[in-house]
Amino acid sequence: MIADLLASPVVTAELFGDSVAVLYPEEAAAIEHAVDKRRREFTSVRVCARRALARLGRPPVPLVPGTDGAPDWPAGIVGSMTHCDGYRACAVAKSEAVAALGIDAEPHLPLPPGVEEAVTLPEEREHLARLAARFPGTAWDRLLFSAKESVYKTWYPLTGRPLGFEEARVEFEPDGTFTARILVEAPVDGFAGRWLTGGTHLLTAVVHPRPATG
């Protein structure tokens with residue numbers, strides 16, 4: 001799935017399920033007290049990350065969660081991981097080409113009751129209702145949640161600041177693209193992303209390129 005969203009200079013890897021791997025001691029320590037599900041997700045998404053890094057010609061390294069929960073990537077690398085039931089993925093790029101990126105995968109199901117109101121703005125709910133009327137086969141509320149997750153994963157490395165669900169407004173196009181306008185004072189006005197849905201999962205991605213110099 002993720003290869004259909006992202007292309008050079010971003011490289012990707014994915015798994016539809018889990019993979020057994022030996023963690024680095026630092027990684028194992030980070031999940032020492034985690035439940036089995038968390039351990040499997042943590043391990044399998046790092047298998048994806050090591051495969052993606054190898055495609056950039058980089059050796060495997062420990063990927064330990066930082067204070068924000070995201071992994072500390074090797075110098076010169078930006079990346080993002082995601083996992084949900086039945087799916088794990090990673091995307092990485094060289095920081096000389098990409099300033100930040102974010103990916104998110106979710107089950108292709110509607111959000112639980114009450115969650116849409118907590119993560120959307122009134123105008124976004126109107127937008128989703130119009131899309132649902134035209135394209136009823138897509139879980140648009142879950143897709144919007146995923147898009148905001150991808151936006152946050154891109155935003156945080158650029159700013160070091162939290163971003164609330166109400167501080168970004170997302171708008172989808174049926175062609176598989178979306179835009180996110182940032183509603184607070186920020187060094188970036190917004191982001192452009194892509195989305196896709198499959199039978200069991202949906203996926204969103206944002207890539208913020210490095211500004212051209214010279």
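Are Arg142 and Glu106 buried or exposed? I will come to that pair after a word on the model, which is predicted.

The strands come first. Strand β6, residues 177-182, pairs with strand β7, residues 190-197, in the antiparallel sense, over 5 bridges. Within that pairing, Thr179 stands opposite Ala192. Thr197 has Leu202 in β8 as its bridge partner. Between β7 and β8 there are 3 residues, and the two strands form a hairpin.

Now the charged side chains. Side chains of opposite charge can pair when their charged atoms come close. Across the whole structure, a search finds 11 salt bridges.

Take Glu41 and Lys37, whose side chains meet in a salt bridge at 2.5 Å, N to O. Both sit in helix α2, residues 36-55, and because they are 4 residues apart, about one helical turn separates them. Glu41 has 7% relative accessibility, so it counts as buried. Lys37 is partly exposed, at 40%.

Back to the opening pair. Arg142 and Glu106 form a salt bridge, with the closest N and O atoms 3.8 Å apart. Arg142 lies in helix α5 and Glu106 in strand β4, so the bridge ties together parts that are 36 residues apart in sequence. As for the question, Arg142 and Glu106 are both buried.

Another salt bridge joins Arg169 and Glu123, at 3.3 Å between the closest N and O atoms. Arg169 is in strand β5 and Glu123 in helix α4, 46 residues apart. Arg169 is partly exposed at 30%, and Glu123 is partly exposed at 35%.

How values were computed. Residues numbered from 1 in each chain as written. Predicted model: local features only at pLDDT ≥ 70, side-chain atom pairs only at ≥ 80, totals over all residues. Heavy atoms only, no water. Pairing = 2+ DSSP bridges. Salt bridge = Lys/Arg side-chain N within 4 Å of Asp/Glu carboxyl O. Buried < 20%, exposed > 50% of the residue type's maximum accessible area, 1.4 Å probe, protein only.
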